[in-house]
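Biologist: I am new to this structure. Please show me how to read it.

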Amino acid sequence: MRLRCFEKFEIEDCALPRDLTGDNFKTLGHERSGTSPLVPSDAQRKTIYALSTPPGKAGVAVIRISGPDVLDVWNRMVKVTHAKQSRNFNPNPWRMYRCNVLHPDNKQVLDDGLAVYFKAPRSFTSEDVMELHIHSGQAVIAAVLNALSLLSQCRLAEPGEFTRRAFAAGSLDLTQVEGLKDLINSETESQRVVALSAMSGNLRNWLEQLRKDIISCLSLVEALIDFSEEDVEEGVHDEARTRARRIVASIETQLSNFHRGEILRSGVKLAIFGPPNAGKSSLFNVLAQREAAIVTSIPGTTRDVLELSLDIGGLPVIVADTAGLRHTEDVVEKIGIERATEKITNADVALCILPIPDVYDGRDISMPPELSSMISRNDTYFLFNKSDLLQSSSIENLEISVPSLNASGVWIVSLTTGAGISKFLKEFGHALQQRYGLLKEQQGGSEPLITHARHRVHLENARRFLEAFIDEDDVVLAAEELRYAAQDIGKITGRIDVEDVLDVIFRDFCIGK
Ligand SMILES: Nc1nc2c(ncn2[C@@H]2O[C@H](COP(=O)(O)OP(=O)(O)OP(=O)(O)O)[C@@H](O)[C@H]2O)c(=O)[nH]1
Ligand SMILES: [Mg+2]
């Protein structure tokens with residue numbers, strides 16, 4: 001009961017309650033060294049600390065400390081080498097100091113390292129921040145973290161709390177927070193490039209402009225509401241509608257770019273398909289660089305869909321191996337083919353593997369009928385396999401016939417001998433890079449990219465409200481639609497009403513970020 005009461009109590013604002021002073025508090029068993037016998041609650045300890053690098057043996061570990069008591073922490077734990085230790089050393093901000101890191105109470109040297117002070121608001125969190133660069137060894141890290149825990153004004157940071165403070169201070173918006181999280185989690189070149197673009201504020205700037213444009217439309221309509229029609233210039237409502245149409249067009253361009261940002265971030269879904277025995281699983285294994293799928297000479301070997309994530313040309317690609325498509329009465333194979341069909345239909349890109357001896361008679365290519373409905377001109381690439389079973393003169397003829405397929409890309413390979421594989425991998429990677437504009441992004445493309453489903457949902461809502469505004473003749477109702485549209489844009493950046501999504505976004509951060 002006492003403890004609960006204490007948690008609510010703010011040291012700065014109130015006088016001490018009598019029963020919480022000195023000895024009384026010790027009876028609660030929360031003894032702690034430091035200047036005060038009181039143990040502040042977590043809410044009172046505004047200065048947070050955490051290890052910001054992965055724990056383990058390495059050259060350097062960085063411990064980050066942020067909050068109003070950073071200079072206090074500095075003076076109790078940092079002894080700058082070659083500087084006269086005065087009681088209050090004032091570090092120059094943004095400058096690295098060689099130092100001894102000390103135990104705050106007994107002044108024992110815990111490590112020899114570096115310290116830097118970032119003065120508010122020019123720091124990651126916009127608060128005073130300091131970093132201790134110490135040796136990354138388990139005992140060193142433990143000693144310094146333990147020392148920090150003894151300081152009554154400090155507490156261990158929650159996961160993502162440094163970033164959350166940066167967001168609360170307004171130095172990052174939600175799209176930048178998501179970009180930062182994606183950057184830390186990025187595994188491929190495309191993920192890095194897209195995350196960096198979001199983090200640098202490309203999407204935020206575009207959304208802010210969109211919101212300003214909606215508000216300027218709203219101000220026109222408000223003028224119509226506030227003043228009578230006669231006092232406002234003619235055609236104001238039409239002007240607002242014209243501007244709203246321009247905003248809708250801009251949102252539509254962004255929404256219709258084949259989910260480019262989302263795909264660059266989360267992966268291209270690639271389905272390998274074709275008739276049985278074409279070499280689909282053999283290709284899957286080549287891509288996986290291991291025996292991930294069973295390969296036999298029996299047609300219909302693969303039944304279920306197999307998937308793996310790969311880096312192809314810097315893009316994250318989720319590759320699916322599927323059952324061969326053919327007419328069958330076998331119940332199990334039929335289910336496999338249904339699953340394959342679903343996978344191919346939902347894929348971003350499909351790679352059709354054709355066994356040359358079965359589909360090419362030396363003059364014409366004949367496509368198995370089961371495949372025709374799965375082939376789309378834009379999304380399908382072709383791989384003719386088993387070139388080793390063909391005379392070289394026939395291969396040349398096949399190369400001549402290939403353009404008749406009118407496909408996005410066609411290659412001739414032998415998965416058994418390896419002929420043509422490296423050319424295929426290089427060119428296919430390049431084709432995907434071009435398709436999803438990775439090359440443009442790498443060259444510093446500043447086009448905003450929506451990278452999360454959350455962005456798409458709010459943009460679609462905003463578009464709907466704007467369209468409703470355009471169709472609405474009653475100015476009071478029309479203004480309301482514009483307000484909703486602006487609100488949805490604000491929800492993407494976190495300007496308004498997003499408490500419910502904050503926890504979801506910050507939850508996946510590690511401690512120390
Ligand atoms: N000669 C030759 N045989 C190949 C080549 N690629 C694959 N094969 C053989 O073709 C047979 C079928 O290969 P898979 O990779 O299992 O074919 P699949 O398309 O996955 O077949 P299903 O799972 O039955 O649909 C195996 O015996 C492979 O060794 C090639 O380039 N040349
Ligand atoms: Mg197979």
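Predicted model: local features only at pLDDT ≥ 70, side-chain atom pairs only at ≥ 80, totals over all residues.

Biologist: How many helices and strands are in the protein?

Modeller: Helices (H or I, at least four residues) and strands (E, at least two) are DSSP runs, numbered from the N terminus. The protein has 20 helices and 13 strands.

Biologist: What percentage of the residues count as buried?

Modeller: A residue is buried if 20 or more other C-beta atoms lie within 10 Å of its own, exposed if 12 or fewer, and partly exposed in between; C-beta atoms are placed from the backbone. Here 37% of the 513 residues count as buried.

Biologist: What is the order of the strands in the open sheet?

Modeller: Two strands pair if DSSP finds at least two bridges between them. The open sheet has 6 strands in the order 9-10-8-11-12-13, and the pairing is mixed. Strand 9 (306–312) and strand 13 (410–412) are the edge strands, each pairing on one side only. From one strand to the next, the twist averages 20 degrees. For such angles, axes are lines fitted to C-alpha atoms, for helices over the stretch in contact, and angles run from 0 to 180 degrees between N-to-C directions.

Biologist: Which strands pair with strand 10?

Modeller: Strand 8 (residues 268–273) pairs with strand 10 (residues 315–321) in the parallel sense, over 5 bridges. K269 stands opposite I318, and I272 stands opposite D321. Strand 9 runs antiparallel to strand 10, joined by 7 bridges. There, E307 stands opposite A320. The hairpin of strand 9 and strand 10 has 2 residues between the strands, and G313 takes a positive phi near 60 degrees.

Biologist: Why is strand 10 largely enclosed?

Modeller: Of its 7 residues, 6 are buried, so the rest of the structure largely encloses strand 10.

Biologist: Which residues come nearest to ligand 1?

Modeller: A residue is near a molecule or strand if its C-beta atom, placed from the backbone, lies within 6 Å of it. Of the 24 residues around ligand 1, G279, S281, S282, T302 and G324 come nearest. Helix 11 (residues 280–288) gives the most to this shell, with 3 residues.

Notes. Residues numbered from 1 in each chain as written. Chains lettered and ligands numbered in written order.
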